[in-house]
Amino acid sequence: MTSDPAPDSTADRPAVRTERRDHVLLVTLDRPEARNAVNSEVSTLLGRALHEADTDPEIRAVVLTGAGDKSFSAGADLKAISKGEDIFPTENREWGFAGMMQHPVSVPIIAAVGGTALGGGLEITLACDLVVAAEHAVFGLPEVKRGLVAAAGGAFRLPGYVPHRVAMEMMLTGEPISADRALDLHLVNRVVPADRLLDEALGLADAIAANAPLAVRASKRLALGIADGARSGEQPRWEQNDAEMIAVMTSQDAAEGATAFAEKRAPVWKSR
């Protein structure tokens, strides 16, 4: 089972595509030319798709994937940011980065990860409930290499998914891990050949959709502590996250990281 091909013209297609398959909503980040990086359109359309799935009793599971086989998502669209563009949702900023970081929904979300899930791409994965990865998938939080911090939940969510010392190594070195290593660490549920990725994720979604929908949604809310449309247990972490993010992103080191990357040289850190 495969998704319909995207239109050839990037200007004529939305950055996020949705397709209903019985009780499953297939959502595709469709910016392969930008490694499915997140800009405002992605954040708005993905947030909207999740909201519609969560409020539609006929949708019982969501499969989220990225177009192409090179990247699930490269995270924030740095080109858009460099132009001063806002990459958050225009519809509801409270949804957060990619329209889902602070957008708790009761419908289960399965990530089908083909290629790289780095930075914000891994943070999107961490916001999903289950993960199916292609054998060539790679996961990492490389922000520290650019003078930044994983500020879309990665810095406090990753230690909740993998052993503490492994999470610290990934965050402090910025080095990625393979799909097989992610499976060993229980960061992903299944690793399959690339040509079986979508079939496997949709099959998992169908298994969920076969169950009683009210019970499934209640189970997810209980597991994540979702009440009144929020994960209240995370609120103090988000407040600290935002304070740290502002301090780091307005530093000279953050500017140096971007400049060094553009100039293809090693950064010179000043700790200020």
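Predicted model: local features only at pLDDT ≥ 70, side-chain atom pairs only at ≥ 80, totals over all residues.

Next I looked up where E234 sits, and found it in the loop between β12 (230-231) and α9. Setting aside neighbours within four places in sequence, I listed F156 and R157 as the contacts of E234.

I then turned to α1, which runs over residues 40-54 and has 15 residues. From first C-alpha to last I got 21 Å, close to the 21 Å expected at 1.5 Å a residue. At the start of the helix, I found a side-chain oxygen of N39 within 3.2 Å of the backbone nitrogen of E41. Which residues of α1 are buried? My list reads S40, V42, S43, T44, L45, L46, G47, A49, L50 and A53. Their cover includes the strands β1 (16-21), β2 (24-29), β3 (61-66) and β5 (109-113), along with helix α8 (213-224).

Last, I looked up the largest pocket and wrote down a volume of about 1600 Å³. It is lined by 48 residues, and those closest to its centre are A76, D77, L78, I81 and L148. Elements giving two or more residues to this lining are α2 (78-82), β6 (116-118), α3 (120-126), α9 (235-249) and α10 (252-262). Sorting the lining by class, I have 24 nonpolar, 15 charged and 9 polar residues.

Methods:
Residues numbered from 1 in each chain as written. Heavy atoms only, no water. 1 Å grid on protein atoms, 1.4 Å probe; cavity = no way out; pocket = protein on both sides within 12 Å on 5 of 7 lines; lining within 4 Å. Points joined across faces, edges and corners; volume = space filled by probe spheres on them. Helix = DSSP H or I, 4+ residues; strand = E, 2+ residues; numbered from the N terminus. Nonpolar A, V, L, I, M, F, W, Y, C, P; charged D, E, K, R; others polar. Contact = heavy atoms within 4.5 Å. Expected span 1.5 Å × (residues − 1). Buried < 20%, exposed > 50% of the residue type's maximum accessible area, 1.4 Å probe, protein only. Polar contact = N/O pair within 3.5 Å; in protein donor to acceptor, adjacent residues only side chain to side chain.
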